[in-house]
Amino acid sequence: MGEALVIARSAFSTGDVPVGAIVINKDGVIVGRGSNEREANNDPTAHAEVVAIRDAASRLQNSRLDGCTLIVTLEPCAMCAGAIAQSRISHLIFGAWDEKAGAVGSVWDVLRDPRSIFKVEVTAGIREDECAQILKEFFSDK
């Protein structure tokens, strides 16, 4: 989570919501990194999770990220939860809860819905206060 927080903090001044994400392989090696790039690239799908998943898939030359873990500073939305499932990420770790758009327990629970085809282990609330503080600082200026 430390590296994801570094990424989120570095994205603070870009105009995008400061969320950071990394993908690590089963050996704990970072294989993908991402921050929100929606505003920077005029791409509504460029959430930190999707950017990190794309980076990992490209580096690994595989669309299936079985055995990998995604670590992200904010609870994923429905789009990102779908991308996590489709990429076959095995484990999701996130920091702050998103009470407005979270899709891994707050508003919806896409990844743990019993009807979901792909099962993802979820660990929530890791360094939650630090992750939430970055977002509070960003939105206090808005």
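Predicted model: local features only at pLDDT ≥ 70, side-chain atom pairs only at ≥ 80, totals over all residues.
Good morning. I begin with the chain as a whole. The protein chain contains five helices and five strands. Read from the N terminus, these elements follow the order α-β-β-α-α-β-α-β-β-α. The radius of gyration is 14 Å, close to the 14 Å that the globule rule gives for 142 residues, so the chain is as compact as a globular protein of that length. Along the principal axes, the C-alpha atoms occupy a box of roughly 40 × 30 × 30 Å. Of the 142 residues, 46% count as buried. As for contacts with a separation of 6 or more, 54% of them join residues 24 or more positions apart.

Let us turn to the sheet. Strands of a sheet pair through backbone hydrogen bonds, in either a parallel or an antiparallel sense. In this model, five strands form an open sheet in the order β2-β1-β3-β4-β5, and the pairing is mixed. Which strands stand at the edges? They are β2, residues 30-35, and β5, residues 121-124; each has a single partner strand, so one side of each is left without a neighbour in the sheet. On average, neighbouring strands are turned by 15 degrees against each other, direction ignored.

Within this sheet, β3 pairs with β4, residues 91-96, in the parallel sense over five bridges. Helix α3, residues 48-60, lies across β1, β2 and β3, and runs at about 150 degrees to β2.

I now take a single residue of β3. Thr 69 belongs to this strand, which covers residues 69-74. Is Thr 69 buried or exposed? Its relative accessibility is 12%, and because buried means under 20%, Thr 69 counts as buried. Neighbours within four places in sequence aside, the contacts of Thr 69 are Ile 22, Val 23, Ile 24, Ile 89, His 91 and Ile 93.

Next, the cysteines. How many disulfides does the model have? The count is zero. For Cys 68, the closest cysteine sulfur is that of Cys 80, and at 17 Å it is too far for a bond. Cys 80 is in no disulfide either; its nearest cysteine sulfur, in Cys 77, is 3.7 Å away, whereas a disulfide requires the sulfur atoms to be within 2.5 Å. Both residues are shielded by the buried criterion: Cys 68 has a relative accessibility of 3%, and Cys 80 has a relative accessible area of 0%.

Finally, the aromatic rings, which form two aromatic pairs. Phe 94 is buried, at a relative accessible area of 0%, while Trp 97 is partly exposed at 33%. Phe 138 and Phe 139 are also edge-to-face, with 5.0 Å centre to centre and 85 degrees between the planes. Here Phe 138 is buried at 5%, and Phe 139 is partly exposed at 45%.

Thank you for your attention.

Notes. Residues numbered from 1 in each chain as written. Heavy atoms only, no water. Helix = DSSP H or I, 4+ residues; strand = E, 2+ residues; numbered from the N terminus. Buried < 20%, exposed > 50% of the residue type's maximum accessible area, 1.4 Å probe, protein only. Contact = heavy atoms within 4.5 Å. Pairing = 2+ DSSP bridges. Axes fitted to C-alpha atoms, helices over the stretch in contact; angles between N-to-C directions. Phe/Tyr/Trp six-rings, centres within 6.5 Å; stacked < 30°, edge-to-face > 60°. Rg over C-alpha atoms; globule rule 2.2 N^0.38 Å.
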